[in-house]
Amino acid sequence: MQVFVPKTIAEALNILQDLREKAKIIAGGTDLIPHMRAGSIQFNSLVDIRLLKLSYIREETGYIAIGSNTTHSDILNSCIIQQNYSALHQACQQIAAPPVRNRGTIGGNLANASPAADTAPAFLVHNASVIAESTRGVKNISLDEFFRSPGKTALDPDELIVEVHIPVPEKHTSSAFVKMGKRNAMAIAVASAATQITLDSDGRISEARIALGSVAPTPIRATEAEAQLIGRLIDTQAIASIEYAVNNAARPISDIRASAEYRNQIIFILVKRALLRALEHQNAFIVSE
Amino acid sequence: MTFPIINCTINSKSIQVCVDPSRTLMDVLRTELGLTGVKEGCGQGDCGACVVIMNQRAVNSCLVLVGQIEDCEILTVEGLAQQGRLHPLQQKFAEKWAFQCGFCTPGMLMSAYALLIQNPDPSEQEIREAIAGNLCRCTNYHKVVEAVQETSQYLMANQKTIGVWYG
């Protein structure tokens, strides 16, 4: 198999334009190489992006720019992410195990577009957008529109993710990510949930984002449930009240990891845990009736 | 097809490898380089038997293309012992019966080594998390954890580090 190792983004984009579907971009290779080994591939060339200097976490005005070649371990070592984007930090913590986190990248996790991708629900609640480049120019794709179907994204075959942007959160915002797997590590999510909550000065929810993983063909937002939380004081009633909307958003299948019934049973519990975990950060206490 | 020359350092030796860059690091380490301490358990990053250290970090060598080690430093289990003496980690693994069949052991040692580079005084939880990617069907892991704990205690008590421990 031919391996291209471009030294500049422009060089990479030209190769991708020439080869299109015949080439696959390789970053950490943690998803790609198992696919190659399984033989289920239609490409004959690799474009290795390791020299393109896409490994960084940069503070810009109003947002953080994360290079697509940033590994999950890099995310874990970032104070900015740990302090302001708990959901993303917690998601990366729960991916596989250290050797995989040392190679796997956030760009690869999103581009691979598994319905179970761990960083996806976190990035969704953090309002992320994907910056993709090709010889035709630059695109800014909201993550809400990025995932199309299992393994398929809004990217054209010759497009390269260069960065992921996550806006700086408002004050009194906190987030969390919860994952259920068949064991504590090295587990593809059976179901997962991420939440990001912003409280106003009265302690009412002014913004709510809830994302679900492994319960639909793609990672999804539970927008109906989010809307029902707006304006409410956080209490056990408010959380309980969105159960129906959360369950409605989930449409899981049965596969080797779990049945659809089991996923339906646990998804709201995971959302509840993620909400409580996010709210712990704000020293917000839940008023019980 | 001519293959590019890959310059790297393996177990402190400068090496030039000239192979198909799309082969895995695990395959080349075991075949052309004869470092068969690196084991193939699953070949797809699930078991950790192939873990080596690349630029001070544990990686599954079955998930690294050999072309990607250009200008990198690789450490395998064969690089632990120095001047005929077992590395303290290996010594403690032996003392604590931290292996039975031994197949997972090279990967375990490298994951533990990588942990002690970053964290010379890990808690039990941190050790368990560091070896979470190394599956063992024989030991139930507890003796491995003990061996790593005793290694860190030994190194600290003797003011040595995981990388510089002899002499």
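Begin by selecting helix α4 of chain B, which gives the largest share of the lining of the second largest pocket, namely five residues; helices (H or I, at least four residues) and strands (E, at least two) are DSSP runs, numbered from the N terminus. What you have open is a predicted model, in which local features need pLDDT of at least 70 and side-chain atom pairs count only at pLDDT 80 or more, while totals for chains, interfaces and linings use all residues. Residues are numbered from 1 along each chain as its sequence is written, chains are lettered from A and ligands numbered from 1 in the order in which they are written, and side-chain values use heavy atoms, with hydrogens and water left out.

**The second largest pocket**

To show the elements that give two or more residues to the lining, select α3 (72-76), α5 (86-93), α6 (98-101) and β11 (173-180) of chain A, and then β4 (57-60), α3 (105-118) and α4 (124-130) of chain B.

A pocket here is an open set of points, on a 1 Å grid over the protein atoms alone, with protein on both sides within 12 Å along at least five of seven lines, whereas a cavity is a set of points where a 1.4 Å probe fits but cannot get out; lining residues have an atom within 4 Å of a point. Grid points are joined across faces, edges and corners, and a volume is the space filled by probe spheres set on the points.

If you colour the lining by class, you will find 18 nonpolar, 15 polar and eight charged residues, where Ala, Val, Leu, Ile, Met, Phe, Trp, Tyr, Cys and Pro count as nonpolar, Asp, Glu, Lys and Arg as charged, and the others, Gly among them, as polar.

**The two domains of chain B**

Next, colour chain B by its domain assignment, which gives domain 1 (5-79) and domain 2 (88-157), the bounds coming from an automatic or database domain assignment. Both domains of chain B give residues to the lining of the second largest pocket, so the pocket lies between them. The C-alpha centres of the two domains lie 21 Å apart, and their contact (heavy atoms within 4.5 Å) takes 17 residues from domain 1 and 14 residues from domain 2. Between them these domains bury about 1,200 Å², 67% of it on carbon and sulfur atoms; buried area is the accessible area (1.4 Å probe) that two parts lose on being put together, summed over both.

**The largest cavity**

Staying in chain B, select G37(B), V38(B), A49(B), V51(B), V52(B), T76(B), V77(B), P106(B), G107(B) and M110(B), which line the largest cavity, whose volume is about 30 Å³. Helix α3(B) gives the most to this lining, with three residues, and by class the lining has seven nonpolar, three polar and no charged residues.

**The interface and its salt bridge**

Now show both chains, where 29 residues of chain B are in contact with 25 residues of chain A. The area buried between the chains is about 2,000 Å², of which carbon and sulfur atoms give 57%, and in chain B the residues R57(B), L63(B) and Q68(B) lose the most area to chain A, together 29% of what that side buries.

Finally, select R37(A) and E40(B), which form a salt bridge with their closest N and O atoms 2.9 Å apart; a salt bridge is a side-chain nitrogen of Lys or Arg within 4 Å of a carboxyl oxygen of Asp or Glu. The rule finds one salt bridge across this interface.
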